[in-house]
Amino acid sequence: MDLTLSAENLKVYYFSEFGTIRAVDDVSFGIGKNESVGIVGESGCGKSTLGTALLRSVPYPGKIVSGQIILNGKNISKMSDDEFDKKVRWKKISMIFQGALNCLDPVFTIGSQMKEILQQHGYSNDYSEIIEESLSNVLLEPSIVKKYPHELSGGMKQRVSIAMSLLLKPKILVADEPTTSLDVMVQSQIINLLKKLKKDRDMSIIFISHDLGVISEVSETIAVMYRGQVVEMGKAYQIYKNPKHPYTEKLVSSIPSMKNKHSKLEILTEKTTDPTRKESGCKFYDSCPYAKEKCLNDPPVIKYRDGFVRCWLYE
Ligand code: SF4
């Protein structure tokens, strides 16, 4: 499949007074046209940093230190900030940020916040038509433009943040934990809405979540991240039925099962490690039941038909 967006050997580090945190450490992956890719992993594994890196919006003191981001064959990591702002950010790739419920400014109406986005991107009139269309896409009434964020429910605020991210009709959407802090019913509505938008607008969506259940509902392909690296990527059914990487195996077996109610859930027994420590070899070494001496060297990336795994077991 031709990839619409890909990251190649991407490294994103945070430079703090305590040391360097390698949040994204040599990640390569891609997404095709109208595809949905889920990025899953525990908190702090680097998945949100990877999402912001795709939009070149890594928060300070983070920085993309090496690697490339390719959009439709063009290396957008080499573009000037000005060119990236004008041509790519929000127009071609957009993002629903984590904690979107708190992203709305409490002192401005929804309409004025949406208008500001259009003004920032050079629109000078016809605001209301574009805003109304964007709101109707997320099943909100146009009258909502007069409301302030505190007048909306959690689900409505999340719909507004989705409408904002789709204002300039991007073809790629990065959705970072779009259902976090919503109740289960609203979660399901938002997931169905994103699926519908993907289909109707022919979009590609990168879903980021720590919740394997949510990821499984929305993603055709899944990338599993562990300590800054994608350790396995493959079709969703393969990841569930036949996980290859030992970390993925543990992750899948940590999901409670309705069929086997009395079985024990898997837990990882690893110690908390200093994130600034530079590790060599496999990052899962301390917790891996199959670890061998050669795992103290960096594991190879083994490709197979629909994905890859980063592990010595498949050499
Ligand atoms: Fe386990 Fe070795 Fe594979 Fe790492 S490389 S996951 S330690 S078998």
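**Close-up 1. Y226, Y247 and F284 make up one aromatic cluster.** The model is predicted. Across the whole structure, a search finds 5 aromatic pairs.

**Close-up 2. Y226 and Y247 form a tilted aromatic pair.** The ring centres of Y226 and Y247 lie 4.5 Å apart, with 45° between the planes. Y226 belongs to strand β9 (residues 221-226). Y247 belongs to helix α9 (residues 246-252). The pair therefore ties together parts that are 21 residues apart in sequence. Y226 is buried, at a relative accessible area of 1%. Y247 also counts as buried, at 1% relative accessibility.

**Close-up 3. Y247 and F284 form an edge-to-face pair.** Their ring centres are 5.5 Å apart. The planes of Y247 and F284 meet at 70°, so the pair is edge-to-face. Y247 sits in helix α9, while F284 sits in the loop between α9 and β11 (301-304). F284 is buried, with 2% relative accessible area.

**Close-up 4. R22 lies over the face of Y13.** The distance from R22 to the ring centre of Y13 is 5.4 Å.

**Close-up 5. K244 lies over the face of Y304.** Here the distance from K244 to the ring centre of Y304 is 4.5 Å.

Note on methods: Residues numbered from 1 in each chain as written. Predicted model: local features only at pLDDT ≥ 70, side-chain atom pairs only at ≥ 80, totals over all residues. Heavy atoms only, no water. Phe/Tyr/Trp six-rings, centres within 6.5 Å; stacked < 30°, edge-to-face > 60°. Helix = DSSP H or I, 4+ residues; strand = E, 2+ residues; numbered from the N terminus. Buried < 20%, exposed > 50% of the residue type's maximum accessible area, 1.4 Å probe, protein only. Lys NZ or Arg CZ within 6 Å of the ring centre and 35° of its normal.
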